[in-house]
Amino acid sequence: MTTSTLSDHAEAARLDALLEYRILDTPPEQAFDDLVELAAAVCDAPAAALAFVDADRSWLKARRGVDFSEFPRDAALAAEALEHNGVFVVRDARAVPRYHDSPLVAAGFRFFAGVPLHSHAGHAIGTVCVLDRRARDLTKTQEDALLAIGRQVMGQLELQRVSEAESAARNRFGALVEQLPGGIYIEDLGAASGWYFSPQVERVTSYAAAEWIADPDFFSRVLHDDDRDRVLDAFARVHETHETIQIEYRLVARDGSIVWIQDDASVAFDDDGKPLYLLGFMADVTARNENEVEFRATAAERDRLLERERAQNEKLRSVDRLKDEFIALVSHELRTPLTSIRGYLELVLDDTDELRGDHRGFLEVVDRNADRLLGLVNDLLVVAQAEAGSLSFEWAEVELEPLLALCVEAAKPAAEAAGVRLGFTSEAVQPVAGDRGRIAQLVDNLVSNAIKFTPAGGTVAVRVRPGAAGAVIEVADTGMGIDPEEQEQLFERFFRTRSATDGAIPGTGLGLSISKAIVDAHGGTIGVESAAGRGTTFRIELPLEQPPE
């Protein structure tokens, strides 16, 4: 009776979307039963159902006043409802010849109304429908209510899907963390000890994670007497200044032996520049330090010690690789639930008639923060890909003048809001071989930084001109400038200048690291000229030809 008008490709995508929710052939759930009861009540109908349509059948997840739990897809009015965007109504199925063989008509139903259920990707996977044994219509209010119930059904499905994805991600994160050779800890700013320690901390220090967490003075107690004051003072400065720390110290293990620890820790910031917590990594470097002592003690064993040192260095490099893989996996796994959360928020925000003003304001705050978090996750993923050498590029001939003009135009609203004059000048330059999107990302990063670090009344100038071996892009500002001793660290990931930290200027310290990775991949160079209080100029030179693989 009913034949899908979808192409084979579109139908395959629709079925994939349905299977993604893992809803078929599941037991009854009160939440869906309640929504079906609500649909019957608001539409004044004796029967209602929640139907999901796969390749061969229409299966009822919830039903009221209907005796069967599934029936063939070709005989399903629910399947036909998938072809419609709004409410699909059959006023009297007996009056339509093609419905005469329908199981619904055979069961005595004449009236059918259904709304399609669309996945977060826009695929119709099922229907919320109401049925009656008499010919009739729905009022406009009933149609709107049925549409709202359909949205609630998809909201429930999305919450379940995101919950399952987050649970699976947590399990994968835990498995990855447990493979690291050192211990990870998280510590609140101002606290004497952490509130989270990964299981490996027991292997590194001989003390269990629960012991570290239970006693706020535990760290002080297990520190070696000769190191205690030095180490505690160093961490106190980190909590106050929010700087990165790399420090070695000795712990007294449970059996009284000495364990040398290398501790790398830095403060995590949110998008507004607010410090959140201290994140650290503890590694056992006892063997390395013992090697150094032995090396100084006897030259006869130098070759053996060098080999052990090489093995230790390879182990440390492996730790760095694992940390990069951890960042990439976290970024990738966070993007899936974040994308779903943002899609569901858009669905809810579109239904403005059913939201109170304060509720809409709350959801808009969530939407903005989810958007910022997704941007941070994408930046982390780019950094991890760059470190692993797997950053992808689409090479083409790129005209720089129109591309930079678009970048400047896009940044003007932010510049105007900050009270900064933004200008663009260009000279004729030849096209360069590059990735148009990556070059735009590079320029956007530099222009955004320039605007953030330039006080109101200042200027930011973007220029492009021919260079000795290609094209030169300059982004110059009249902002606060950068101290010479900090300029060498500018392109290190997560590095933020003291002026950015003291001024609580938003940022993660990833933008310049990403920019340098993009320039390096194009075979170009990036440099900076700056002095405190006299502005900053970033200069990029890109070659005309694509660099060799």
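Predicted model: local features only at pLDDT ≥ 70, side-chain atom pairs only at ≥ 80, totals over all residues.
Helix 13 spans residues 400-418 and helix 14 spans residues 436-452. Their axes come within 10 Å and cross at roughly 30°, so helix 13 and helix 14 are roughly parallel to each other. The crossing of the two helices is right-handed. On the side of helix 13, the contact is made by L400, L403, L404, L406, C407, A411, A414, A415 and A418. Helix 14 brings R436, I439, A440, V443, D444, V447 and I451 to the contact. Sorted by class, the residues where helix 13 meets helix 14 comprise 14 nonpolar and two charged, with no polar residue among them.

Three cavities of 30 Å³ or more were counted, and the largest cavity has a volume of about 70 Å³. Its lining consists of A49, A51, L60, V66, F68, F71, L77, A78, L104, F112, C129 and L131. At least two of the residues lining the largest cavity come from each of strand 1 (47-53), helix 3 (77-81) and strand 6 (124-132).

Conventions
Residues numbered from 1 in each chain as written. Heavy atoms only, no water. Axes fitted to C-alpha atoms, helices over the stretch in contact; angles between N-to-C directions. Helix = DSSP H or I, 4+ residues; strand = E, 2+ residues; numbered from the N terminus. Parallel < 35°, antiparallel > 145°, perpendicular 65-115°, else oblique. Left-handed = near helix turned anticlockwise from the far one by under 90°. Contact = heavy atoms within 4.5 Å. Nonpolar A, V, L, I, M, F, W, Y, C, P; charged D, E, K, R; others polar. 1 Å grid on protein atoms, 1.4 Å probe; cavity = no way out; pocket = protein on both sides within 12 Å on 5 of 7 lines; lining within 4 Å. Points joined across faces, edges and corners; volume = space filled by probe spheres on them.
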